[in-house]
Amino acid sequence: MSLTKKNISIIAVIIVMIAAGFFYKEFQRKPADISGVLPEVKINVAEIVGQYENDESKANRQYLGKIIEVAGNITEIINQQDTMINVLMGDTNSLHKVSCLLDNRHINAIKKYRAGQPITIKGICTGFLLDVELNRCVIVEDQKK
């Protein structure tokens, strides 16, 4: 049985459609939600900031890339048109804080909080710039309800 040009064209179109579907699905895929994942470390803001201030490389070995749960007071909520919300936690007099970038799926949860209130947030530690950085964060109290 020989393949005709028509059969080859049909097979090629099917392969291209499958590949396009795969790439579209991968392009639209969002990062996994960490709401249901248990944290590897539970710590308060002062402890983690102090560890990063004292020995950044040691703290990176301990926290970098891990899901950590941090408790402390909100110092500032930075809202960028409801697309990115960054919650800063820590002492208002401290130079360094914990910066928590909320996962888009959990942005509405922060609207009931104000600066000065205690909060517990879980996220993936991505290191230390001016602050200890957590990404893909969720508010822990909202998960318990």
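Q: In which strand is I68 found?
A: Keep in mind that this is a predicted model. In it, the strand that holds I68 is β2.

Q: Is I68 buried or exposed?
A: The cut-off to know here is that buried means under 20% relative accessible area. I68 comes out at 0% relative accessibility, so I68 counts as buried.

Q: Which residues does I68 touch, leaving aside those up to four places away in sequence?
A: Let's stay with I68, which sits in strand β2. Its C-alpha atom is separated by 7.6 Å from that of I43, a residue 25 places off along the chain. As for actual contacts, and skipping residues up to four places away in sequence, I68 touches P39, V41, I48, Y63, I121, K122, G123, C125 and L134.

Q: Which residues have the most contacts inside the largest nonpolar core?
A: The largest nonpolar core has 28 residues. Elements giving two or more residues to this core include α2 (45-54), α3 (56-63) and β3 (84-89). Inside the core, the residues with the most contacts are I48, Y63, V87, M89 and V98.

Q: What does V87 touch, not counting residues up to four places away in sequence?
A: V87 is one of the residues with the most contacts inside the largest nonpolar core. Leaving out residues up to four places away in sequence, V87 touches I74, E76, V98, S99, C100, L102, I110 and I121.

Q: How many disulfides does the structure hold?
A: A disulfide needs two cysteine sulfur atoms within 2.5 Å. The sulfur of C100 has its closest cysteine sulfur in C137, but they are 4.5 Å apart, so that is too far for a bond. For C125 the closest cysteine sulfur is also in C137, at 9.8 Å, again too far for a bond. The number of disulfides in the structure is zero.

Q: Is C125 buried or exposed?
A: Buried means under 20% relative accessible area. C125 has 1% relative accessibility, so C125 counts as buried.

Q: About how much accessible area do I10, I14 and I18 have together?
A: Now for the surface, where these three form a nonpolar patch. One of them, I14, lies in helix α1 (residues 5-28). I14 counts as partly exposed because its relative accessibility is 45%. Together, I10, I14 and I18 have an accessible area of about 290 Å².

Q: What is the phi of R136, about?
A: R136 lies in strand β6, and at 28% relative accessibility it counts as partly exposed. Although R136 is not a glycine, its phi is positive, at about 55°.

Key: Residues are numbered from 1 along each chain as its sequence is written. This is a predicted model: local features need pLDDT of at least 70, side-chain atom pairs count only at pLDDT 80 or more; totals for chains, interfaces and linings use all residues. Side-chain values use heavy atoms; hydrogens and water are left out. Patches are made of residues with over 30% relative accessible area and no salt bridge: like charges are joined within 9 Å, nonpolar side chains (Val, Leu, Ile, Met, Phe, Trp, Tyr) within 5 Å. Accessible areas come from the Shrake-Rupley method with a 1.4 Å probe; for residues, only the protein chains shown count as cover. A salt bridge is a side-chain nitrogen of Lys or Arg within 4 Å of a carboxyl oxygen of Asp or Glu. Helices (H or I, at least four residues) and strands (E, at least two) are DSSP runs, numbered from the N terminus. Buried means under 20% relative accessible area, exposed over 50%, partly exposed in between (1.4 Å probe, protein chains only). A nonpolar core is a set of buried Ala, Val, Leu, Ile, Met, Phe, Trp, Tyr and Cys residues joined through side-chain atoms within 4.5 Å. Contact means heavy atoms within 4.5 Å.
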